[in-house]
Amino acid sequence: MTIKRRVISTLAGLFLASVIFFTIPINVAAEPVNAYHKLPHKELVFEPGQVISSHAPAIVELPGGELFVAWYAPPERGSPKTVIWAARKPVGADKWTKPLIINETPGHSDKNPVLFLGPDKKLWLFWVAETRWWKIVDNKVYARVSMDFGHTWGEIHDLKAFSGFLVRANPITLKDGQTILPLYTDLSTSSAVSISRDGGLTWSKPIYMLFLFGIQPTIIQRSDLSLFALTRTGMWPRLSWQAISYNFGRSWKKQWVSNVKNPGCSLVMIKLKSGNVALVFNDSKLSREGISIALSHDEGRTWPYVRMIEFKSGSINVYPSIIQDGVGLIHVVYSYDCRQSIAHFVTDEKWIEGRPL
């Protein structure tokens, strides 16, 4: 072959390769939103003692992959009241940012923060403001919205329709666009929900799902569009109560004990992208020393896979919150070691199932 023919052949090959390269779609593997070299991964949001008596964390993933965690604790050592704190984990960072107070209601103790990133990308913060009058507790639920993902916050809204109720578990957006906010009341140890049809601007009056037998409900939507809820209970037989709604939360049926152990402590679950359901709970009828994560392949009817993620004898590890991030990793935060810090645990479904990673 002559030099001229070789040049022509080479140019033709390059042209053909470029056509193939730009016309055939290439699948680029997604990188984890945060750098975790090995799963499972566990870390503390801050060193013990940096923030005193930290409790009841909530977690949300922000657009772009940054993590945002909120919890409640006293504003300073020895203070009788509590405020809402928060910290961030930027994408790729090895550590969380320094904890900062993001909400303090004058004359009240702020508790049980709930974070919710709506479909419109507005970040909601719900919390309970508690006032004590002569040993009588008065609870109010407040909310405020951040348009810049928690850097600044808008005006405080008093959700007067929720008077006497409290929040704990995250809201969920249903497939029809409605938002369901789990509620509960300690006055009658009952669970309820409120429904928003306008992205959180207005909420319905509380709708009871379970009366007398359980509080702090956590909810998922099943593939048949029904809602399934589990609740905290401290009563015999020390099993979480469940309830099901077939009309998007407007009424609830099949209230009965589940097969999930509960020592009278908060539990949370989410529907994963795979269709499976993950549950974080204290897998015991009496002890709060250990906290576990379970996986269900039948939308919460059975939990064949359970793995402990924290145990410390003589300690208390409680009040978890759970999300799944944009690339499928499961993130859990919880009150760590008698409220000394907030723990952050990261894993995936394979680890829960006990399969090789």
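**Close-up views of a predicted model**

**View 1. Thr82 sits in the loop between strand 3 (67-73) and strand 4 (83-89).** This is a predicted model, where local features need pLDDT of at least 70, side-chain atom pairs count only at pLDDT 80 or more, and totals for chains, interfaces and linings use all residues. Residues are numbered from 1 along each chain as its sequence is written, and side-chain values use heavy atoms, with hydrogens and water left out. A word on the element names: helices (H or I, at least four residues) and strands (E, at least two) are DSSP runs, numbered from the N terminus. Why does Thr82 count as buried? Its relative accessibility is 10%, and buried means under 20% relative accessible area, with exposed over 50% and partly exposed in between (1.4 Å probe, protein chains only). Setting aside residues up to four places away in sequence, Thr82 touches Tyr72, Ala73, Pro74, Pro75, His108, Ser109, Asp110 and Lys111; contact here means heavy atoms within 4.5 Å.

**View 2. Pro57 is a buried residue of strand 2.** Pro57 has 0% relative accessibility, so it counts as buried. Which residues is Pro57 in contact with, leaving aside its neighbours within four places in sequence? They are Val69, Ala70, Trp71, Arg168, Tyr319, Ser321, Val333, Tyr334, Ser335 and Ile342. Take Tyr334: Pro57 and Tyr334 are 277 residues apart in sequence, yet C-alpha to C-alpha they are 6.0 Å apart in space.

View 3. In general, strands of a sheet pair through backbone hydrogen bonds, either parallel or antiparallel.

**View 4. Strand 15 pairs with strand 14 and with strand 16.** Five bridges hold the antiparallel pair of strand 14 and strand 15, and Ile220 stands opposite Phe228 in strand 15. The hairpin of these two strands, strand 14 and strand 15, has five residues between the strands, and Leu225 takes a positive phi near 80 degrees there. Strand 15 (residues 227-232) is also joined to strand 16 (residues 239-245) by five bridges, again antiparallel. Here Leu230 stands opposite Gln242 in strand 16, and Thr231 has Trp241 as its bridge partner. In the hairpin of strand 15 and strand 16, with six residues between the strands, Arg238 takes a positive phi near 60 degrees. How many residues of strand 15 are buried? Six of its six are. Leu227, Ala229 and Thr231 point one way from the strand, while Phe228, Leu230 and Arg232 point the other way.

**View 5. Another open sheet has four strands in the order 18-19-20-21.** Its pairing is antiparallel. Strand 18 and strand 21 (305-311) are the edge strands, each pairing on one side only. The twist averages 15 degrees from one strand to the next. Four bridges join strand 18 to strand 19 (residues 277-281), and Val268 stands opposite Val280 in strand 19.

**View 6. The largest pocket holds about 1000 Å³ of space.** For pockets, a 1 Å grid is laid over the protein atoms alone: a cavity is a set of points where a 1.4 Å probe fits but cannot get out, and a pocket is an open set with protein on both sides within 12 Å along at least five of seven lines, while lining residues have an atom within 4 Å of a point. Grid points are joined across faces, edges and corners, and a volume is the space filled by probe spheres set on the points. Of the 40 lining residues, Phe116, Pro171, Ile172, Thr173 and Ile270 are the closest to the centre of the largest pocket. Elements that give two or more residues to this lining include strand 2 (55-61), strand 14 and strand 18 (268-271). The lining of the largest pocket divides into 24 nonpolar, nine polar and seven charged residues (Ala, Val, Leu, Ile, Met, Phe, Trp, Tyr, Cys and Pro count as nonpolar, Asp, Glu, Lys and Arg as charged, and the others, Gly among them, as polar).

Conventions: Pairing = 2+ DSSP bridges. Axes fitted to C-alpha atoms, helices over the stretch in contact; angles between N-to-C directions.
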